[in-house]
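Student: Can we go through this fold step by step?

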Amino acid sequence: MANVAVVGAQWGDEGKGKIVDWLSSRADVVVRFQGGHNAGHTLVINGVTYKLSLLPSGVVRSGKLSVIGNGVVFDPWAFLKEVEGIREKGVDVNPSNLLVAENVPLILPIHGAIDRAREEARGASKIGTTGRGIGPAYEDKVARRAIRLCDLADEALLAEKVDQLLFHHNASLRGLGAAEIKPDELLTPLKEVAPKILPYMAVVWKRLDELRRAGKRILFEGAQGSMLDIDHGTYPFVTSSNTLAGNAATGCGMGPRAVGYVLGICKAYTTRVGSGPFPTELTDDIGELIGQRGKEFGVVTGRKRRCGWFDAVLVRQAIKTGGIDGIALTKLDVLDGFDEIKVCVGYRLDGQELDHYPAGQSAQARVEPIYETFEGWKESTQGARSWAELPAQAVKYVRHIEELIQCPVALLSTSPERDDTILMHDPFAD
């Protein structure tokens, strides 16, 4: 039985939370391998809505082990708040069923301050960060000045590392005209939070290796989406981590063979939050209607999502760069009732046709979509749980998408509810 990695195949917000939760019934372990509390995963289970940012989506299922890997940037205070919130909804969360890698880098208050000050200074050139310090925390990791979870257990080293961190970041804050941070403003809250966080700390790579050898099935959960990948996304309007499945193993300390099947999640249309290019964006009444039907507002920020037609070129590119084996197509029901539906099948750039999305920033902004138009369907697809329940025209739409993206649809989601899912291929069966 294959271990499965779940990644977004668009710009995030594709419905990964529901799919991971649905798949976790077949898994023993669910691992978050990148991103931070800028992710927003919504689960609806028996009428109860859970909004997760940092916790793996499998945490709402009893009997599963949830793991936050070293590829994540970890905000201790956001973590405790989220744990408390989910406990209030009756979910049992404790160090026996939730582990955090000892070498995970921490997001500190100074990271958020720098993030927000930079965005303010950019003015009209903002890149659309959530302001939660994700980017600066990843910068510190790469620059080898990060404070990691294991450092909280060594107070002498922690004080030394805080001084080194502030030496760098206070210079930036001064340059941005923002208030500097004193050592005690970081040390005191870190010492206070340490005893609450350290019980969750574990040697994650070792534990996962033991579980793999014991035949346990592991589900790797990504955050954001392929087009927000730091290398393969719409740079610089991207996140600060590798969102592709290739990072699943690195982000928790396992070898590349640990990942068997890669499941990409994408909507039956396209959305994007924040700044950056969006070839199929609809700024008319149709785009507004899709947003209303799909309830397209960010889980983390509450920002309204930009909406547009399905972009087969982008998704096909995400499949190629991400090694995606199958697609989970979500929110098909949002397209119910349209007279016609369009799909982007290519781009036009300066009079030439392209079958891929260019890497250059100005080229990305100039591409024009080439559309195919499909007949819509009037019947409802909402809540369908079998292929036979779908309108014939909806089936044709899904089948043609498979041809365009050169990848099979393995799962089809027809509502936010966990069980409103049509399974064509079980990823764990490979």
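Student: Which residue in β18 stands opposite Leu-412?
Tutor: The model is predicted, so local features need pLDDT of at least 70, side-chain atom pairs need 80 or more, and totals for chains, interfaces and linings use all residues. Residues are numbered from 1 along each chain as its sequence is written, and side-chain values use heavy atoms, without hydrogens or water. Strands are DSSP runs of E, at least two residues, and helices runs of H or I, at least four, numbered from the N terminus. Opposite Leu-412 stands Ile-422.

Student: In which sense do β17 and β18 pair?
Tutor: Two strands pair if DSSP finds at least two bridges between them. β17 (residues 409-413) and β18 have 3 bridges, and the sense is antiparallel.

Student: Which strands are at the edges of the sheet?
Tutor: The open, mixed sheet has 10 strands in the order β7-β6-β5-β2-β8-β1-β9-β13-β17-β18. An edge strand pairs on one side only; these are β7 (201-202) and β18 (421-423).

Student: What angle does helix α1 make with β1?
Tutor: Helix α1 (residues 16-23) packs on the sheet, touching strands including β1, β17 and β18. Contact means heavy atoms within 4.5 Å. Angles run from 0 to 180 degrees between N-to-C directions, with axes fitted to C-alpha atoms, for helices over the stretch in contact. The angle is about 165 degrees.

Student: How are α3 and α5 oriented to each other?
Tutor: Helices α3 (residues 109-122) and α5 (residues 155-175) pack at about 25 degrees, their axes 10 Å apart. Angles under 35 degrees count as roughly parallel. Therefore α3 and α5 are roughly parallel.

How values were computed:
Angles under 35 degrees count as roughly parallel, over 145 as roughly antiparallel, 65 to 115 as roughly perpendicular and the rest as oblique.
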